[in-house]
Amino acid sequence: MYSGRLALASFLVSVFVGAQGAKTSFRPRNCTLQCIRQGTPGCEYCRISKEDVQSTLGFTSAGLFGGCVPWPCQSFLGQQQPEICQHYVHAPQNVTIKFVDDPNSKYDTVVVSWSPSQYGVAFLRGFQVTLQALGGTQISCQLFLIQNNLSLSTAHVHRVYYSDSFSHLSLGTQYAVTVMALPVPELWDKFYHSKLFFTRTCPEKNRLEHCKKDWYPRHVEVHQDSQDIVVTFNLAPENLGISRYFSACFGGGSRSYEIIHPDFSVNSTHHTYRLLNLHTGTNYTCEIAADIVDAVRKTFFVQVQYNSKEYSALHKEAPSLALILSVGVLLTASLAAVFVILCQKRLRKKKAKTEIRPDSIEEYYDKHLEEQQCVVLTNSTRPPELLICYSSNDGPAHVRAVLKLATFLQKHMATQVHLDLWDALNIMEEGDLGWYCRKIKESDFVMVICSRGLNQKQQSQRKEEDNPAENTSLAIIAIIGEEICRAKALGQDLSKYMTAIFEYSKQSDIPPMLNLASNYILPEDFPLLFSHLHAVALQKPGAYMRVENISENEYLKVPAGVALHLAIQEAKILITG
């Protein structure tokens, strides 16, 4: 009887111990640092505020990076028992991010959770959680401590600890969260766990109909009425305050642009308009969007079909047209055959009369090079590195032209181009100014794309002080101008720096501080730019070297050149009107 009770008691104890080690969620409580030290019940897992640290220890952490520097364990727990802080605790594991409801539609809120590591869990005293936007300087941190007389074991590694809410986070932004175990070891290695995440975008959090910058027409219907294309699209919700739209179509080497003013008294949900003066049989790519800055565009494709009368007329004219083409081909072939026969007879006569030595032929071509000699670019071991700087104040059309220019230079001018749009991850890690300063130092050449918006922004900057974060391009221009002046004062080579403008900009758009640099008008000066980048002379006595695919007329023969031309023309229409 006694042995049966003893076995039952042992079983209950094992069940109790197992339950204590089972996976359990722990959320921070409001308690003081004094409560943690004394081991008062209810202080098993507590949040510690800066005010509590200041009142208890007599010093403040507000001046050191917002209090997010890992404080030594002795400051919190080691004054009474120094041996507590002499052990190593491994980094937490299973760090996860959970989004929580936030009544403010402009921001997001998250909660971080994690589990302790089994290595050094018996000496674990707490956690510190930090959150920082990549590329930013503001840091948020939270400190959590475990009861002083509580000792954890490997049976508790399945516990899940939660942080307090991190609120007021910008939407669509990348953040880095770091969870470190306390005490911080003397050897700073593997004591923290970091994780990157993006906050939700406005449509993900609030739905598309509540996001003005992200809204676009989802439903677009197209049909043909005679020679016109009729387009019907859904209007934005009234709460977004969008009252004007625009439509643009590209095709057949032409572009059309139209501003749309819907009549909301007729229909408040949909609007219908007509695309006029489109050429029959031509494929068009069209876009429609709200007429606001950086609006998301809806793309659709149209083609004007032949009507029945035109179709029958074409079929009636087809036999006569085919007959004319056949006769023309036969005549051309006959003339070409006669011309070839005459040329061969003439060459035989000249060859019989004269014997030309190979060395004389080589000497002749050395002295009399063809006027249109062609050079094909080949991949060298190290192409020159070019950093492109620009201003986005002229709108997305100007930025798109810069992007197409960078693509063309890298593909057809044997140049390694560095552009901020292509290196977003490193920019978020280093910051805009840090990335540009490093690239200016590492690149062989630096080219500034000057525009009306860049010059106007620089002139307005002299009159009023703006937020430095909003004037990154001006800061970069100032740095480049200072480097040019320093090189000029020291008598150094200025060929590293150059300026360029598109055909819709003027020479007056170049900032005065950059006047010492070489200037090019693109795409007209592509050959001169190639000569600058590769140190190649395009002309010499008796010869002119033509580089393939970069002359003023030939760059339109490649897809990248056509894309650049269309981008420049679009920006010209939007900027100059």
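This is a predicted model: local features need pLDDT of at least 70, side-chain atom pairs count only at pLDDT 80 or more; totals for chains, interfaces and linings use all residues.
Guide: Residues are numbered from 1 along each chain as its sequence is written, and side-chain values use heavy atoms, with hydrogens and water left out.

Visitor: How many disulfides are there?
Guide: A disulfide is taken to be a pair of cysteine sulfur atoms within 2.5 Å. One of them joins Cys202 to Cys211, with the sulfur atoms 2.0 Å apart. By this rule the count is 3.

Visitor: Is the disulfide of Cys31 and Cys46 left-handed or right-handed?
Guide: The sulfur atoms of Cys31 and Cys46 are 1.7 Å apart. The torsion about their S-S bond is about -135°, so this disulfide is left-handed.

Visitor: How many residues apart in sequence are the parts that Cys31 and Cys46 tie together?
Guide: Helices (H or I, at least four residues) and strands (E, at least two) are DSSP runs, numbered from the N terminus. Cys31 lies in the loop between strand E2 (29-30) and helix H2 (33-38), and Cys46 lies in strand E3 (residues 45-48). The pair therefore ties together parts whose separation in sequence is 15 residues.

Visitor: Which strand holds Cys286, the partner of Cys249?
Guide: A disulfide joins Cys249 to Cys286, with an S to S distance of 2.1 Å. The pair links distant parts of the chain, 37 residues apart. Cys249 is in strand E14 (residues 245-251), and Cys286 is in strand E17 (residues 283-290).

Visitor: Is Cys286 buried or exposed?
Guide: Buried means under 20% relative accessible area, exposed means over 50%, and partly exposed lies in between (1.4 Å probe, protein chains only). Cys249 has 1% relative accessibility and so counts as buried. Cys286 has 0%, so Cys286 also counts as buried.

Visitor: What is the relative accessible area of Cys485?
Guide: Cys437, at 36% relative accessibility, counts as partly exposed. Cys485 is also partly exposed, because its relative accessible area is 44%.

Visitor: How many nonpolar residues line the second largest cavity?
Guide: On a 1 Å grid over the protein atoms alone, a cavity is a set of points where a 1.4 Å probe fits but cannot get out, and lining residues have an atom within 4 Å of a point. The lining of the second largest cavity includes Val89, His90 and Phe127. Ala, Val, Leu, Ile, Met, Phe, Trp, Tyr, Cys and Pro count as nonpolar, Asp, Glu, Lys and Arg as charged, and the others, Gly among them, as polar. The lining has no charged residues, 2 polar and, as asked, 7 nonpolar.

Definitions and conventions
On a 1 Å grid over the protein atoms alone, a cavity is a set of points where a 1.4 Å probe fits but cannot get out, and a pocket is an open set with protein on both sides within 12 Å along at least five of seven lines; lining residues have an atom within 4 Å of a point.
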